[in-house]
Amino acid sequence: MSDIIRAGGPHAFGYTEITQRSGDMQMDFGVLRLRYGESFHDEYKLERAFLLVYGRVCFKWDDGEHTEYRENCFDVPPTALHVSKGTKGVTVICLSEECEVNVLRTENEREFPAKLYLPQDTPDEFRGAGTMHETSTRIVRTIFDYRNAPYANLVLGEVIGFPGKWSSYPPHHHPQPEIYYYKNRPENGFGYAEVGDTVYKVHHGDTVCIPAGKTHPQCTPPGYALWYLWAIRHLEGCPYAQPDYPIFLEEHLWVQRKDEPYWGDNLGGN
């Protein structure tokens, strides 16, 4: 499978399959777009996560129900429903002109209660602030990971790269596979994604699959913002958990030190 899956324009309405759990990513990943009044029902006996990207939707599961509106994925923190194979079914109903929900599934024999993550559960973290002359300051939203969902086989979050800045930096890697799915603002923008020694130009709706051990820093050009979903699949006996992961490239760790002098600081006689 190629490291990059091009959208080539807006995803079609309905469910668009991007990756399969039988592949290297070990996760089903798909983009669900619905129009007003349309619904989607999922009864897979798998661990599943449903991330609201934009629009107003009603999530229904077993004896639970919740309606949430998200204007967009840049300005509003996420809402996500996370369920195990023990949840009989999940239904997503569109209550706005249109909506988008990202769907992830993976194998997990453990059962756990369904958990709804609301915007107040995932505050913005300005990671990188105060270092690197703010050139790698970005917003990170970790919805769930090994710390608050040790029973899961998935990790789910979002990143927003500011115009002209880097994210997922310094370069790092881990043995667990990871998926990045992108949105640009404005939509005609682009970004650059490194996967090991290969760099891809990414556009609105593209997906990058990051194999085990590949570094994956991201770059956002001036004038544009870059949002991306990130989803990691824990490995058996090797969860994506601190302090073991991520593994930063040692030769670049110096850039994280506060007040580290950079070339150019004294140009102009300052």
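Predicted model: local features only at pLDDT ≥ 70, side-chain atom pairs only at ≥ 80, totals over all residues.
Trainee: What radius of gyration does the protein chain have, and why does it agree with a compact globule?

Mentor: Set the value against the rule. A compact globule of 270 residues would have a radius of gyration near 18 Å, and the protein chain has 19 Å, so the two agree. The C-alpha trace spans about 65 × 40 × 35 Å along its principal axes.

Trainee: What share of the residues counts as buried?

Mentor: Of the 270 residues, 53% count as buried. The cut-off for that word is under 20% relative accessible area.

Trainee: What share of the contacts joins residues 24 or more positions apart?

Mentor: Such pairs make up 74% of the contacts with a separation of 6 or more.

Trainee: How many helices and strands are there?

Mentor: Zero helices and 22 strands.

Trainee: What makes the contact between Arg 105 and Asp 42 a salt bridge?

Mentor: The closest N and O atoms of Arg 105 and Asp 42 are 2.7 Å apart. The limit is 4 Å from a Lys or Arg side-chain nitrogen to an Asp or Glu carboxyl oxygen, so the pair qualifies. Arg 105 sits in strand β9 (residues 98–106) and Asp 42 in strand β4 (residues 39–42), 63 residues apart. Both Arg 105 and Asp 42 are buried.

Trainee: Why can we say that Arg 70 and Glu 158 tie together separate parts of the sequence?

Mentor: Their side chains meet in a salt bridge at 2.9 Å, N to O. Arg 70 lies in strand β6 (residues 64–70) and Glu 158 in strand β13 (residues 154–161), so the bridge ties parts that are 88 residues apart in sequence. Arg 70 and Glu 158 are both buried.

Trainee: Which residues do salt bridges with shared partners join into one network?

Mentor: Arg 21, Asp 28, Asp 42, Arg 48, Arg 105 and Glu 107. The structure holds 17 salt bridges.

Trainee: Why are β14 and β18 said to stand at the edges?

Mentor: Start with the sheet. Four strands form an open sheet in the order β14-β20-β17-β18, with antiparallel pairing. β14 (166–167) and β18 (198–202) each have a single partner strand, so one side of each is left without a neighbour in the sheet.

Trainee: What makes β14 and β20 a pair?

Mentor: Pairing takes at least two bridges. β14 and β20 (residues 218–219) have two, in the antiparallel sense, so they count as a pair. Trp 166 stands opposite Cys 219 in β20.

Trainee: Which strands form the open sheet of seven, and which are its edge strands?

Mentor: The order is β1-β19-β16-β21-β13-β12-β11, with antiparallel pairing. β1 (4–5) and β11 (125–127) are the edge strands, each pairing on one side only. β11 pairs with β12 (residues 138–144) over three bridges. Phe 126 has Ile 139 in β12 as its bridge partner.

Trainee: Which strands does β19 join by bridges?

Mentor: Two bridges join β1 to β19, running antiparallel. Ile 4 has Val 208 in β19 as its bridge partner. Four bridges join β16 (residues 178–185) to β19, also antiparallel. Tyr 181 has Thr 207 in β19 as its bridge partner.

Trainee: Which way do the residues of β19 point?

Mentor: Thr 207 and Cys 209 point one way, Val 208 and Ile 210 the other. All four are buried. In a regular strand, side chains alternate between the two faces of the sheet.

Trainee: Why is Ser 136 called buried?

Mentor: Its relative accessible area is 1%, and the cut-off is under 20%, so Ser 136 is buried. Ser 136 is placed in the loop between β11 and β12.

Trainee: What does the side chain of Ser 136 reach?

Mentor: The backbone oxygen of Trp 166, at 3.4 Å. Beyond its neighbours within four places in sequence, Ser 136 is in contact with Arg 127, Gly 128, Trp 166, Ser 167 and Tyr 169.

Key:
Residues numbered from 1 in each chain as written. Heavy atoms only, no water. Buried < 20%, exposed > 50% of the residue type's maximum accessible area, 1.4 Å probe, protein only. Rg over C-alpha atoms; globule rule 2.2 N^0.38 Å. Contact = heavy atoms within 4.5 Å. Polar contact = N/O pair within 3.5 Å; in protein donor to acceptor, adjacent residues only side chain to side chain.
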